[in-house]
Amino acid sequence: MTSPRARLIADTAVTLLAERGLRGLTHRAVDEAAGLPPGSTSNLARTRAALLTLALEHLAQLEAAPLTPSLPVGSLTPDAARGLLAGLLVEGLGTALGPGRPLTLARFELALEAGRDGEVRARYDVLGGGFRDLAASLLAASGCPDAEGRARYLVAWCDGILFNATAGSGQAQPPGARELTEQVELMLRTLLAP
């Protein structure tokens, strides 16, 4: 975000998506919830698609920040890369199901909208590709025989875990850290098998 006002508008849009869903996200609602003068949001994001894209880009930044490895992936041994990937998965999923649950809800709202709006879909796919690329690079550094293809499986599996525990039949009992660790270990053993 380029300015504090733009960050405030993006943060507020994400919060409204999580709290009220797509129907509750309007330019006027963002202005009111952020305590801004009427027209502030539409001045930054003229159309609904622009507002959704702003929220999507901000959400991707928030979700990606803790997943950025501190070391270049290429400098890691296969065991270190596997350990880093496992840690990022357990921590990322745990955060998304715990304190980051509102961000997860907002992302699902945006995913649904991307299914109906080509402009949002294009940006959603580009931003989602960043997560898939990170998974592929860590899988490759771990010795995965088909890192690109298996990264797609891994991202789909993560989305499934998140949906099940946030909006699906597993919402009443989301997995805790121990269960997530067991599931991640099983998934990585499967993906890294020759």
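Student: What radius of gyration does the protein chain have, and what would a compact globule have?

Tutor: This is a predicted model, in which local features need pLDDT of at least 70 and side-chain atom pairs count only at pLDDT 80 or more, while totals for chains, interfaces and linings use all residues. Residues are numbered from 1 along each chain as its sequence is written, and side-chain values use heavy atoms, with hydrogens and water left out. The radius of gyration is taken over C-alpha atoms, and the globule rule is 2.2 Å times the number of residues to the power 0.38. For 194 residues the rule gives a compact globule near 16 Å, which agrees with the value for the protein chain, 18 Å.

Student: How many helices and how many strands does the protein chain have?

Tutor: Both are DSSP runs numbered from the N terminus: helices are H or I with at least four residues, and strands are E with at least two. Along the sequence, the pattern reads α-α-α-α-α-α-α-α-α. The secondary structure therefore comes to nine helices and zero strands.

Student: What percentage of the residues is buried?

Tutor: A residue is buried under 20% relative accessible area, exposed over 50% and partly exposed in between, with a 1.4 Å probe and protein chains only. Of the 194 residues in the protein chain, the buried share is 43%.

Student: At what angle do helix 1 and helix 2 cross?

Tutor: Axes are lines fitted to C-alpha atoms, for helices over the stretch in contact, and angles run from 0 to 180 degrees between N-to-C directions. The axes of helix 1 (residues 4-20) and helix 2 (residues 27-34) come within 9 Å of each other. Angles under 35 degrees count as roughly parallel, over 145 as roughly antiparallel, 65 to 115 as roughly perpendicular and the rest as oblique. Helix 1 is roughly perpendicular to helix 2, because the crossing angle is roughly 110°.

Student: Is E32 buried or exposed?

Tutor: E32 belongs to helix 2. Since its relative accessibility is 59%, E32 counts as exposed.

Student: Which residues of helix 6 meet helix 1?

Tutor: Helix 1 and helix 6 (residues 101-114) pack with their axes 8 Å apart, at an angle of about 85°, and are therefore roughly perpendicular. Helix 1 contributes V14, L17 and A18 to the contact. From helix 6 come P102, L103, L105, A106, E109 and L110.

Definitions and conventions: Contact means heavy atoms within 4.5 Å.
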